[in-house]
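Thanks for coming. I have one chain to go through today, and I will take the overall figures before the details. Please look at the screen.

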Amino acid sequence: MKQSTRINKIPVIFLAAVLFVMLMSGWALGMFTDIEEEPYVSEDADRIVVGVSQLGSESMWRTANTESVQNTFTQQNGYFLIFNNARQKQENQIKAIRSFISQRVDYIVFSPVVETGWETVLQEAKEAGIPVILMDRNVDVKDKSLYVTCVGSDFVKEGEKAGRWLENDLKRSGRQDSEINIVLLKGTEGSSSQIGRTKGFFEVAQTHDNWNILAQEYADFTSAKGREVMESILKKYSQIDVVVSQNDDMTFGALEAISESGRSVGVEGDITVISVDGTHEALSMVADGIINVDIECNPNQGEYVSDVIRMLESGEKVEKQYYVDEDVFTADNVTESVLSERNY
Ligand code: AHR
């Protein structure tokens, strides 16, 4: 009995050894790649690496734009984001872009602080084979192949919307033939939002001989500068009928200056206020009749940029320009639901 048991155990041990060798060689030959290879794959290997150069943090709009980028280019969405804030300096943006090139990112996304002066660095990106996507603002370059596409707002249209709204409002109040004194608070000098909004507004203004542009000054898209510039304009001019401010932050500063000067604003006041952006705070003021109209500029552009990247990844052809959806807000359409949905 004992002997026969020992004899029976030999093939069992032999078979187990053969099986063990087969299993080990199977693993070595990659038969179980799905299970076994996972730990060896770097976590970031399949992610799309995106270098984003944001121009600064001058306004509420900009903060929302940055949040939109950071919420979109997440690891869960398949991205690895390298983010840089240039603090309003073109040289910082150029440095950031050069560092993205040396890190060999898959895409460069940037929001140019001004339109000119980008040829050299964009040429460097092109030579490195890295596609550049402009976000929010545009660049003024002869060679359009230096960037793949631009995702942003139609700034000329925004300026034109401001002009058309004023035209209609003056008609509605029977003042279409009266002398109208207008002050323009402009954003960062040389930025495409400032250039486009000014152009669009003047396209309408030049068709009205009775629109008198008293002053047009740069106030850098900031509340502090908006207040400072408005204070000095108020000292110079006693009769101001309309303030066209190219963003909400400058509007907030200007409203403080106007209120301190003892003049009134809004639907019931002396000075009509036209603003741009459509932030939650400004839309609340529209609902309260303090700001007459707010031309929306949509900062939620991260997902639009991501869509373009996905198209490029799948070899699709992309357009040279994509515009985000934007509305015009007066007290008539700033509803509770508009306010509650506003994330900036
Ligand atoms: O380029 C978009 C403009 O830049 C926004 O209107 C303004 O708020 C921001 O700073």
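Start with contacts, meaning heavy atoms within 4.5 Å. Among contacts in the chain with a separation of 6 or more, 72% are between residues 24 or more positions apart.

Now the ground rules. This is a predicted model, in which local features need pLDDT of at least 70 and side-chain atom pairs count only at pLDDT 80 or more, while totals for chains, interfaces and linings use all residues. Residues are numbered from 1 along each chain as its sequence is written, and side-chain values use heavy atoms, with hydrogens and water left out.

The chain has 12 helices and 12 strands; these are DSSP runs numbered from the N terminus, H or I of at least four residues for helices and E of at least two for strands. Of its 344 residues, 47% are buried. Buried means under 20% relative accessible area, exposed means over 50%, and partly exposed is in between, with a 1.4 Å probe and protein chains only. The accessible surface is about 17,400 Å², and carbon and sulfur atoms hold 51% of that. The areas come from the Shrake-Rupley method with a 1.4 Å probe, and for residues only the protein chains shown count as cover.

Next, helix α3. Its 13 residues should span 18 Å at 1.5 Å a residue, and the end C-alpha atoms are 18 Å apart, so the two agree. The expected span is 1.5 Å times one less than the number of residues. The buried residues of α3 include W61, R62 and S68, and the buried set packs against β1, β2, β4, α9, β9 and α11. Why does S68 count as buried? Because its relative accessible area is 9%. Leaving out residues up to four places away in sequence, S68 touches P299, N300, Q301, G302 and E303.

One of those partners, helix α9, covers residues 248-260. From first C-alpha to last, α9 reaches 18 Å, close to the 18 Å expected. It is mostly covered, with 10 of its 13 residues buried, among them M250, F252 and L255.

For contrast, take K95 in helix α4. K95 has 58% relative accessibility and therefore counts as exposed. Its C-alpha is 9.5 Å from that of S53, which is 42 residues away along the chain.

On a 1 Å grid over the protein atoms alone, a cavity is a set of points where a 1.4 Å probe fits but cannot get out; a pocket is an open set with protein on both sides within 12 Å along at least five of seven lines; lining residues have an atom within 4 Å of a point. Points are joined across faces, edges and corners, and a volume is the space filled by probe spheres set on them.

How many cavities of 30 Å³ or more does this give? Two. The largest cavity has a volume of about 90 Å³. Of its 13 lining residues, W61, R62, R137, R197 and F221 are the closest to the centre. Helices α3 and α7 each supply at least two residues of that lining.

The largest pocket has a volume of about 300 Å³. It is lined by 16 residues, with W165, D169, R172, V267 and N292 the closest to its centre. Helix α6 gives the most to this lining, with four residues.

That is the tour; questions are welcome.
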